[in-house]
Amino acid sequence: MYLERGRAVVIGASIAGLLAAQALSKTHKVVVLERDDSTTQLVLRKGVPQRRQLHVLLAQGAKALAELLPGFTDDLVAAGAVLTDPQLDQTYYLDGRAIARAPSGLTSINVSRPRLEHLVRQRVESLEHVKIQHAEALGLITERDGAVVTGVQTTDPRTPQLAADLVVDATGRGSRALHWLGELGASTPDSSRVEMDVIYVTRHYRWKAHHLDGRHGLLVAPFPGFPRGGAAVHLEEDQWAVVLFGLMGKDPSTEEAEMLAFAKSLPVPDLANLMEAAEPLDKPVKMRYPASVRWHFEKLRQHPAGFLVMGDALCSFNPTYGQGMSVAAMEALALRDLVSAGTGGLPARFYRIAAKIIDAAWALAAGGDLRFPEIKGRHTPIDRVLNGYLDRYRLAACVDPTLGRTFVQVAQMLVPASAMVSPGHLIRVLRGSRRALPRDGMGFPVPNSSGAGTS
Ligand SMILES: Cc1cc2nc3c(=O)[nH]c(=O)nc-3n(C[C@H](O)[C@H](O)[C@H](O)COP(=O)(O)OP(=O)(O)OC[C@H]3O[C@@H](n4cnc5c(N)ncnc54)[C@H](O)[C@@H]3O)c2cc1C
């Protein structure tokens with residue numbers, strides 16, 4: 001029971017901002033500022049151009065969402081989301097081979113990005129203490145020479161200044177937080193970057209039960225020497241979302257024949273077969289994502305009180321790992337638990353926990369990208385040793401479902417990557433990598449027959 005509610009302003013009503021509002025709604029009166037018009041909820045809005053691209057919700061993200069928004073999994077299912085076993089109903093092609101397909105007992109929830117955001121927004125909008133306001137945040141209002149943030153300047157003439165005890169910046173990659181902090185004379189954080197320059201092309205197709213031999217999705221991951229990949233996911237309303245992507249600027253075209261040629265160049269035929277068999281529903285859409293960027297707020301000694309940065313504004317990841325929304329949900333959950341214990345020293349406490357959440361995701365995404373010697377980033381000797389082991393792990397996971405399951409759990413952020421180097425797994429990797437198939441004459445690894453199929 002809170003005798004007096006605080007006042008919070010959250011900037012940005014996308015996934016991170018909406019979930020932050022939910023997290024704060026028990027302790028604060030929350031105003032969420034969003035520069036996009038709310039009438040564009042289920043359509044493709046300007047502020048989040050990536051909404052048109054395939055998004056996957058990792059199992060750990062789904063768990064965090066369900067904890068923040070009780071009953072949310074039921075909302076997703078009622079809206080037509082497709083529940084699948086990620087190791088049985090989908091195929092992960094790693095280094096060109098399928099990991100062993102087997103029932104894993106895990107569940108993936110496949111839902112389109114606009115639908116997911118719409119459902120989150122509906123839930124958050126219905127909260128008594130949350131109001132979503134159509135306005136742009138222009139800057140911070142501060143006291144004590146910038147040591148305390150006390151509000152936000154907005155474009156709304158009715159509320160040009162909104163007072164707040166807590167301001168949360170959830171404005172995504174284009175966040176102006178660093179600029180605002182610089183203006184206050186506050187310290188700004190260093191960043192880590194991995195420049196993988198990924199280009200995405202997504203197109204939707206009509207789903208039919210016989211496509212992909214009844215599987216509900218696949219991922220063809222890029223690997224050193226072959227910086228291209230693709231994925232297909234069965235979504236609500238009988239749709240396939242198909243994405244083709246190239247690292248280091250290897251550019252999939254949006255022109256039909258060239259897209260197909262790109263898909264045919266992948267080490268397995270599944271995606272090309274699907275694209276040939278299925279009816280296209282829209283025009284392909286392209287997006288470029290130059291680098292994963294992480295801002296190390298956790299390393300700053302001092303933070304202005306009453307101001308937090310979260311979601312993509314804090315760290316944005318190579319989208320091929322599908323982590324952004326899940327990390328935002330996990331951060332929101334951490335925020336909820338932290339504020340329930342009080343707001344004293346909140347920024348430092350929040351960044352400390354957020355850094356741990358981000359560490360786990362960053363290790364996967366940046367670690368995977370740094371397998372490519374051409375990708376700029378901090379390549380360490382430990383990464384090289386670990387990547388050597390993980391090469392063997394991926395090979396062994398083609399023949400050993402237990403290794404496959406752990407890989408899926410790690411990829412879904414359910415367990416830490418260290419699970420792949422447990423003593424039991426080391427032995428399995430040694431044995432499995434000997435049993436796995438050799439590479440073919442083309443230089444591609446031979447795809448595992450259990451996963452390769454036709455449409
Ligand atoms: C191509 C691509 C594919 C992706 N695929 C996946 C995936 O498969 N799985 C996954 O989990 N994640 C994926 N992501 C990442 C995911 O989209 C983000 O992590 C997610 O949207 C959370 O971001 P966010 O809420 O922090 O910021 P954003 O989604 O970028 O939203 C920021 C919001 O702030 C608003 N805003 C900005 N400035 C202001 C201002 N000054 N005042 C008011 N409002 C403002 C914007 O209009 C917008 O609504 C992908 C990203 C890309 C680019």
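A polar contact is a pair of N or O atoms within 3.5 Å; within protein, one atom must be able to donate a hydrogen and the other to accept it, and residues adjacent in sequence count only if both atoms are side-chain atoms. This is a predicted model, in which local features need pLDDT of at least 70 and side-chain atom pairs count only at pLDDT 80 or more, while totals for chains, interfaces and linings use all residues. Residues are numbered from 1 along each chain as its sequence is written, and side-chain values use heavy atoms, with hydrogens and water left out.

| Residue | Polar atom in | Distance to a ligand oxygen atom |
|---|---|---|
| E34 | side chain | 2.6 Å |
| H55 | side chain | 2.7 Å |
| G322 | backbone | 3.3 Å |

Taken alone, the ligand exposes 1,000 Å², of which the protein buries 96% (accessible areas by the Shrake-Rupley method with a 1.4 Å probe). Around the ligand are 34 residues, and S14, E34, V56, R113 and D312 come nearest (a residue is near if one of its heavy atoms lies within 4 Å). Helix α8 gives the most to this shell, with 3 residues (helices are DSSP runs of H or I with at least four residues, strands runs of E with at least two, numbered from the N terminus).

The strands β12, β18 and β20 form an open antiparallel sheet in that order (two strands pair if DSSP finds at least two bridges between them). β12 (191-194) and β20 (315-316) are at the edges with a single partner strand each, so one side of each has no neighbour in the sheet. Strand β18 (residues 292-295) is joined to β20 by 2 bridges, and R294 stands opposite C315 in β20.
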